[in-house]
Every structure is written in structure tokens, then in C-alpha cells.
Amino acid sequence: LVESHLSRVEENRFGPGEDAPTHARDVLNRIYAQTERALEVTRRIGRVVRSYSETGTAPGEACIRQVWAEAAGLLRGKYDLANFELIEHVPEGFPKVQCQPMELLEVFYCLAENAVQAMLPEAAAGSKRGRLILRAHLGFSAEEKLLAHVTFADTGPGIPEKILHCLFEPFMTTKGADHGNGLGLCLVKGLVRKNGGSVSVASFRGSGTTFTLTFPIVRSDALPADKIPFAA
């Protein structure tokens, strides 16, 4: 951009109503915007690297309902959700999960924002009301340990089958250049695994997408056997 501007100044190649200072201002604004974008990508790369490399950190405790309420609030502050429904199915008294609260917030917000962006075109056009459904239930691992399963299901257009296998890889994105850098889901996977959990995805074209998160629960919060909200 700078080289192009200097070349135009040297050759005096400006159209009607345009001059060197005006063009320079436009160039600087574009450089500033792209620099900010580059900084954000760099910061996110740093978070991704740390999420995969950090070990031995003390497990945190996070309440799913509280973290989701905060993520939903951030989402409403950024997007017009008039044509969306955010639905929560988390039983009262659901056990806390072993995860750093701020890291779970990052995971929840990233998944929710991806869902909203996928549903946005149809919702904005009024052709289809977008729904994002958060569910939580308990289950057992292969070793019969009690686990929390959290699902994010949307009614968006779905993800092409050919890219599902590489969805969590760095710089993999289905969005345009203005809406994503392909690091969000990579960060989600890193943060979930760092906290002892797992993440998977299922999607069909035209039938929405579901992400499933699995975390160990805080044992002191374990419910009596007759109160456990297993999946139906």
C-alpha cells in the first residue's frame, strides 16, 4: 500500500476530487485496520499455542449456567438477536465441571458466535428463525467415571462433510476473510483438552450442526444416583 501510494504521488496519478493527502489518509486507515487484524490473529495464535502446551495447571471449577449466561450476554452485545432464540436446557443444581471459568467462557462464546454467524443470513432475511440450543446431561466414561456432556446445537445450514474431518485444524474456516481467521475452533479444542475434556462435531447440510463437549465433573458436586440428569 505504501509503495503504491508513493508511486502515485511521484507520477501524480490522482483522479478528479482526489489528492495526495486524501489518498494517504485512506492508505493509513487501511494499514491500521489490517495491522489490528494481524495483531488479533497473533494474539489468538499465542492462546492456541499455550492451550496445547500448558500442562500441570490446577483444575478450575466452572458452573455451566453461569458461564453460558455471561457468553450469551456478550453475544447479545455484539449481534442483533431479534430473529434468534437462545435456548438453555441445563438442570437446576447441575454439577460444576473441572475447567477454568474464563477458558470455558472462551469456548462457549466461540461456539455460540460461530453458530450465530452461520444462521445470520437466513435470520436477517426473515426466511428462517435461528435457534441455538445448549443442553447438559451426565454420562459415564469407559472407565465408569461420571462426566458432563454439553451440546451446542444450531439450526444453520450445516457444514460440508468434506471439511468436517479438518474442522479443528489451524486456519481452517468456512467464513469469508472479514469474519474469521480459522483459529477459533483450534483454540476451542486446545482449551477443552487442556482442561481434561474432549470435543466432537456432527453436521449435515441443511440440518444444522452440533458440537459436543465432555468434561470431568467436580466430585464434591456429584449428585445422588436418583438425581442424576442422564440423557433420555
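1. A word on terms before we start: two strands are said to pair if DSSP finds at least two bridges between them. Please also keep in mind that this is a predicted model.

2. With that in hand, have a look at the hairpin formed by E6 and E7, which has five residues between its strands. Strand E6 covers residues 198–203 and strand E7 residues 209–216, and the two run antiparallel, joined over six bridges. If you want a landmark, Ser200 stands opposite Thr212 in E7. In the turn you will find Gly206, with a positive phi of about 85°.

3. Two residues other than glycine also have positive phi values and may be worth a glance. Asn12 has a phi near 55° and sits in the loop between helix H1 (2–11) and helix H2 (20–53). Its relative accessible area is 59%, so Asn12 is exposed.

4. The other is Glu144, with phi near 65°. Glu144 belongs to the loop between strand E4 (130–140) and strand E5 (146–154). Its relative accessibility is 66%, so Glu144 counts as exposed too.

5. Now to the helices. The axes of H3 (residues 64–78) and H4 (residues 101–125) come within 9 Å and cross at roughly 45°, which means that H3 is oblique to H4. The crossing is right-handed. Residues making the contact include Trp68, Leu74 and Leu75 of H3 and Leu105, Phe108 and Tyr109 of H4. By class, the contact of H3 with H4 has 13 nonpolar and three charged residues, with no polar ones. Among the residues in contact are Glu70 and Lys78 of H3 and Glu113 of H4.

Notes
Residues are numbered from 1 along each chain as its sequence is written. This is a predicted model: local features need pLDDT of at least 70, side-chain atom pairs count only at pLDDT 80 or more; totals for chains, interfaces and linings use all residues. Side-chain values use heavy atoms; hydrogens and water are left out. Helices (H or I, at least four residues) and strands (E, at least two) are DSSP runs, numbered from the N terminus. Buried means under 20% relative accessible area, exposed over 50%, partly exposed in between (1.4 Å probe, protein chains only). Axes are lines fitted to C-alpha atoms, for helices over the stretch in contact, and angles run from 0 to 180 degrees between N-to-C directions. Angles under 35 degrees count as roughly parallel, over 145 as roughly antiparallel, 65 to 115 as roughly perpendicular and the rest as oblique. A crossing is left-handed if the near helix is turned anticlockwise from the far one by less than a right angle, and right-handed if clockwise. Contact means heavy atoms within 4.5 Å. Ala, Val, Leu, Ile, Met, Phe, Trp, Tyr, Cys and Pro count as nonpolar, Asp, Glu, Lys and Arg as charged, and the others, Gly among them, as polar.
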